[in-house]
Amino acid sequence: MTEGNTAAARPMLRTEGLGRSFGHHRALDAVDLQVESGECLAVFGPNGAGKTTLIKVLATIMRPSSGRVMVAGLDLRDSADSIRRRIGVVTHQTFLYDRLTAYENLEFYSRLYDVPGHRERIRDLIDRVGMTARLHDRVDTLSRGMQQRVTLARSVLHDPDILLLDEPEAALDRQAVATLWELLRSEAGRRRTVLLVTHNLERGLELCDRLVILDGGRIVHRSSRVAASFEELREAYAKTTERSA
Amino acid sequence: MKFWRSVLAIAYKDLLSEMRTRETISSVVVFALLVIVIFNFAFGGNTEQMRLVAPGILWVTFAFAGVLSLTRAFIPEKEEGCLDGLMVAPIGRDAIYVGKMLSSLVFMLVVEAIALPVFTLLFNLDVFSPELVVVTLLATVGFVAVGTLFSALAVNTRAREMVLPILFLPVVVPVMIAAVSAFELALAGESWGAMSSWLQIIGAFDVVFLVVSYLVFGYVIEQ
């Protein structure tokens, strides 16, 4: 199935021939992706497939070696600051300062993002992630799951259009996962565009509209949720992991 | 305006974080005081000899205390990927540099403000004349401008405690020599005019390294 066949005039996120090399190793090789506004794309792949590199390039943490990234019609090369304003990122790391409280961390990021009425926004988000009681506790006194909740609040603090998520459910309990997907996916009746990197095939299939499998830096499988069953996806993924092993 | 708001937010965050534990400031201050005390014992009570070696001792103390604190400057940013958090925020890489530099500058000035009275007391020399204060301020700016850049570079290496001084100290040699020389002249009671060439060197060093560091910092932190 061709990606983006439900396309609106301008995709929210598009990569063309995206490549990233580390010396002779090509972590990403001619990756073409298109994610429409409000759509969720799941990216699967074995370890070393290039998933985290993809997130880092899209998040502007890493420069691409080749190709092009367009976000909401803006080219990453000339409009990085405007693009960053529209992106929220969750990776394996929390981006939280251990010695500051949850509130101080969120206040710091809200200053960087120029969040209007940040005090109310922080209180609202922290309430939604169920961390009100620990708002003024230092981050290094929180459990990993609690830190992850604060991280999720941090990622949507500036109400981004696009979320780049790398295993966002790590360390969260089942109840928190449901609440947090609600928070991440939509706000004020608007669905966010999501690029989700996960190893959890079932979860990816459940949450996302389309799916791709990345292996050796290349996209080796594409399908839509409608077209793919869990069994088919598992088979495609198993073939990929066998090949890369 | 947005630039300075981001700069101040980063600097305030760093200082608040340090105030919570005082880990770095306490170790750097203790180190600086120990160096001053040890040199004081080494050179005894000979006032003339002390006046000759005092500028060198003071700047060696500041240099090593500075290396110690700058080594730690980017470590909190590496823990839990906070540097990535800054990089995905809609602020320029230059704002990150200036913010980190500003916090390191305040930190160094606090260390100097604690060390200088002790130095005055033990070496029986007045280092609070306007000339010496200006030299200290200017040299510290240059020192921190270079140090912040190299600290960002070194934090990605495994042996960062070794890498930073190896990269950093050779580059700051001109500002150290100029600061020591200007200090010597000021302690000898010379006028501003006599020190002007050294002050110009320090000023030029500050401008060049502030501009260069500001421009290349983005390349240093981006992967």
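Q: How many helices and strands are there in chain A?
A: Chain A holds eight helices and twelve strands. Both are DSSP runs, numbered from the N terminus: helices are H or I with at least four residues, strands are E with at least two. This is a predicted model, where local features need pLDDT of at least 70, side-chain atom pairs count only at pLDDT 80 or more, and totals for chains, interfaces and linings use all residues. Residues are numbered from 1 along each chain as its sequence is written, chains are lettered from A and ligands numbered from 1 in the order in which they are written, and side-chain values use heavy atoms, without hydrogens and water.

Q: What pattern does chain B follow along the sequence?
A: The pattern is α-α-α-α-α-α-α-α-α. Chain B has nine helices and zero strands.

Q: What does the globule rule give for chain A?
A: With 245 residues, the rule gives a value near 18 Å, and chain A has 18 Å, so this agrees too. The C-alpha trace of chain A spans about 50 × 40 × 40 Å along its principal axes.

Q: How does the reach of helix H6 of chain B compare with the span expected at 1.5 Å a residue?
A: H6(B), residues 93–123, has 31 residues and reaches 43 Å from its first C-alpha to its last. The expected span is 1.5 Å times one less than the number of residues. Asn124(B) follows, with a positive phi near 55 degrees.

Q: What makes Lys2(B) and Asp114(A) a salt bridge?
A: A salt bridge needs a side-chain nitrogen of Lys or Arg within 4 Å of a carboxyl oxygen of Asp or Glu. Here the N to O distance is 3.8 Å, and the pair qualifies. The count between chain B and chain A is eight salt bridges.

Q: Which elements give two or more residues to the side of chain B that touches chain A?
A: They are helices H1 (2–21), H4 (75–78), H5 (82–87) and H9 (192–221) of chain B. H1(B) gives the largest share, twelve residues.

Q: How many residues of chain B are in contact with chain A?
A: The count is 34, against 28 residues of chain A. Contact means heavy atoms within 4.5 Å.

Technical notes
The radius of gyration is taken over C-alpha atoms; the globule rule is 2.2 Å times the number of residues to the power 0.38.
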